[in-house]
Amino acid sequence: MPIDCAFWECTSLTSVTLPDRVASIGDWAFYKCSGLQSIEIPERVTSIGTYVFYACTSLTSVTLPDGLTSLGDQAFSRCTGLTDITIPDSVTEIGFEAFRGCIGLTSVTIPDGVTDIGGAVFQDCTGLTSIPIPADVTNIGNDAFKDCSSLASITLPDGVMSIGDAAFSGCGSLTSIMIPDSVTDMGNGIFKDCVSLTSIILSDGVTRIGNEFFTGCVALKSVIYDGTKAQWSAIRKGRDWDSDTGAYTIHCLDGYIAKQ
């Protein structure tokens, strides 16, 4: 039995215990229930639809059932009171903007079965300081961690093959990052306005660096490139890819290149 739009904007609702027969929570079920502080979700629930807990600003924690397989688009978006959440190992799909704007979120556990961190999933999570990314992740979507201003460190697994536009844009606390060898195409604005970024490691497999890639990285000092100066020069570079940056140096295998 699914629940759709069941408690739409019930601002006075403070707690909910769902009956055991509920197997899925449908779209918009608790949309903007701003007074909701706690909810007990039965173990039978396998899916949580779109906008289910959107802007439930009083919700501080949720225990997700072990059998859950999917989280819908914007499922917890704008839950500003949410401080931590563990996504069960059974989940393989996290929807678009699922946790966008959860400014109180400081801790997230992503299960190993997730291969795709979709578009804007953690955008504007300004309290998030670090997040472990599972080894099976191959794609990080557009805006995935955009404006996560407290994100100070992140380790990308070796299997990551693509990083979307503006994925880390506005991560003002990020100081360094290593891009896996498997990433060859660096999209637009990936590190735009990462004002604390001082160094980055890029492999010789990179063939393109997108528009505004480093724009606004005023603290940038070194780009460690695992290739020759000739290989670096051959990389296609987009418009304003390194505008408004620090006076960085590119460290190649056969020498150095100063910012032009």
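A short chat about this predicted model follows.

Visitor: What secondary structure does the chain have?
Guide: 1 helix and 20 strands. These are DSSP runs, helices H or I with at least four residues and strands E with at least two, numbered from the N terminus.

Visitor: What box do the C-alpha atoms fill?
Guide: Roughly 65 × 30 × 25 Å along the principal axes.

Visitor: How many of the residues count as buried?
Guide: 51% of the 260. Buried means under 20% relative accessible area, with a 1.4 Å probe and protein chains only.

Visitor: Switching to R100. Where is it found?
Guide: R100 lies in the loop between β8 (93-94) and β9 (107-109).

Visitor: Why does R100 count as buried?
Guide: Because its relative accessibility is 19%.

Visitor: Which side chain does the R100 side chain make a polar contact with?
Guide: That of E97, at 2.7 Å. A polar contact is a pair of N or O atoms within 3.5 Å; within protein, one must be able to donate a hydrogen and the other to accept it, and residues adjacent in sequence count only if both atoms are side-chain atoms.

Visitor: Leaving aside neighbours within four places in sequence, what is R100 in contact with?
Guide: S77, R78, A120, V121, Q123 and D124. Contact means heavy atoms within 4.5 Å.

Visitor: What are the ground rules?
Guide: The model is predicted, so local features need pLDDT of at least 70 and side-chain atom pairs count only at pLDDT 80 or more, while totals for chains, interfaces and linings use all residues. Residues are numbered from 1 along each chain as its sequence is written, and side-chain values use heavy atoms, leaving out hydrogens and water.

Technical notes: Buried < 20%, exposed > 50% of the residue type's maximum accessible area, 1.4 Å probe, protein only.
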